[in-house]
Amino acid sequence: MTADHMMVMELLQASHAAADQPTPARRIDAADCKVVSRAARADADEGGMRRLEFLAIGTAICAHDLTAVLAEHKKVSTEQLLDELAAARRNPGSDIPLLELLRALHAQDTRQVAELLVDLFGRDQGAFFDLIVALGRYAADCVSMLEILGLSSAAETLTELEITVREYASS
């Protein structure tokens, strides 16, 4: 799963770097979208979805861990921070279940995590790909926030996330 681990890190780095780049005219031209697209094509060529599954779960784990660190810094529970994020959503009717996935991870409810991902993929593959991109962008925002708050540099945080993803891949 080394390649899968590196693909998660590539998504996180692309998402983080994208914050400083102009938005491309076509969404598919965004670096983070290209990572997801490449994983989807490779999985399609093999007739599976191992890469996409690992990309979704690995990135979600990173996003969850970052959320927990930010919650601790704010001196609130992770649930409270997720509630604050839900209340602040610009588009509350969004079909991207990012917060629901983070809640399921926080509850360590692997069945709900699997159901959310499988249901979304079965219902709307585009929305599934969008979820992966959204997880990467959310994680990148968290990395930036940690740096702004002076808690950890982006490089240090990305190194910690790489360790997390590598450990998950080997388990």
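This is a predicted model: local features need pLDDT of at least 70, side-chain atom pairs count only at pLDDT 80 or more; totals for chains, interfaces and linings use all residues.
Ala154 sits in helix H8, which covers residues 154-170. Its relative accessible area is 8%, so Ala154 is buried, the cut-off being under 20%. Now show its surroundings: not counting residues up to four places away in sequence, Ala154 touches His16, Val143 and Glu147.

Next, go to helix H7, residues 125-148, and display H6 with it. The axes of these two helices come within 5 Å and cross at roughly 135°. H6 and H7 are therefore oblique to each other. To see the contact, select Leu117, Leu120, Phe121 and Arg123 on H6, then Gln125, Ala127, Phe128, Phe129 and Leu131 on H7. Coloured by residue class, this contact shows 7 nonpolar residues, 1 polar and 1 charged.

Keep Leu117 selected and turn to the second largest pocket. Leu117 is among the residues that lie nearest the centre of this pocket, together with Ile57, Thr110, Val113 and Ala114. The lining has 19 residues. Which elements give two or more residues to it? Show helix H3 (50-74), helix H5 (98-106) and helix H6 (110-123). The space in the second largest pocket comes to about 370 Å³. By class, its lining residues are 13 nonpolar, 3 polar and 3 charged.

Now select Thr78, in helix H4, residues 78-87. Is Thr78 buried or exposed? Its relative accessibility is 10%, so Thr78 counts as buried. Leaving aside neighbours within four places in sequence, the residues in contact with Thr78 are His64, Thr67, Ala68, Ala71 and His106.

The last stop is Asp43, in helix H2, which runs over residues 31-46. With a relative accessible area of 1%, Asp43 is buried. Which residues are in contact with Asp43 once neighbours within four places in sequence are left aside? Select Gly48, Met49, Arg50, Arg51 and Leu52 to display them.

Terms used. Residues are numbered from 1 along each chain as its sequence is written. Side-chain values use heavy atoms; hydrogens and water are left out. Helices (H or I, at least four residues) and strands (E, at least two) are DSSP runs, numbered from the N terminus. Buried means under 20% relative accessible area, exposed over 50%, partly exposed in between (1.4 Å probe, protein chains only). Contact means heavy atoms within 4.5 Å. On a 1 Å grid over the protein atoms alone, a cavity is a set of points where a 1.4 Å probe fits but cannot get out, and a pocket is an open set with protein on both sides within 12 Å along at least five of seven lines; lining residues have an atom within 4 Å of a point. Grid points are joined across faces, edges and corners, and a volume is the space filled by probe spheres set on the points. Ala, Val, Leu, Ile, Met, Phe, Trp, Tyr, Cys and Pro count as nonpolar, Asp, Glu, Lys and Arg as charged, and the others, Gly among them, as polar. Axes are lines fitted to C-alpha atoms, for helices over the stretch in contact, and angles run from 0 to 180 degrees between N-to-C directions. Angles under 35 degrees count as roughly parallel, over 145 as roughly antiparallel, 65 to 115 as roughly perpendicular and the rest as oblique.
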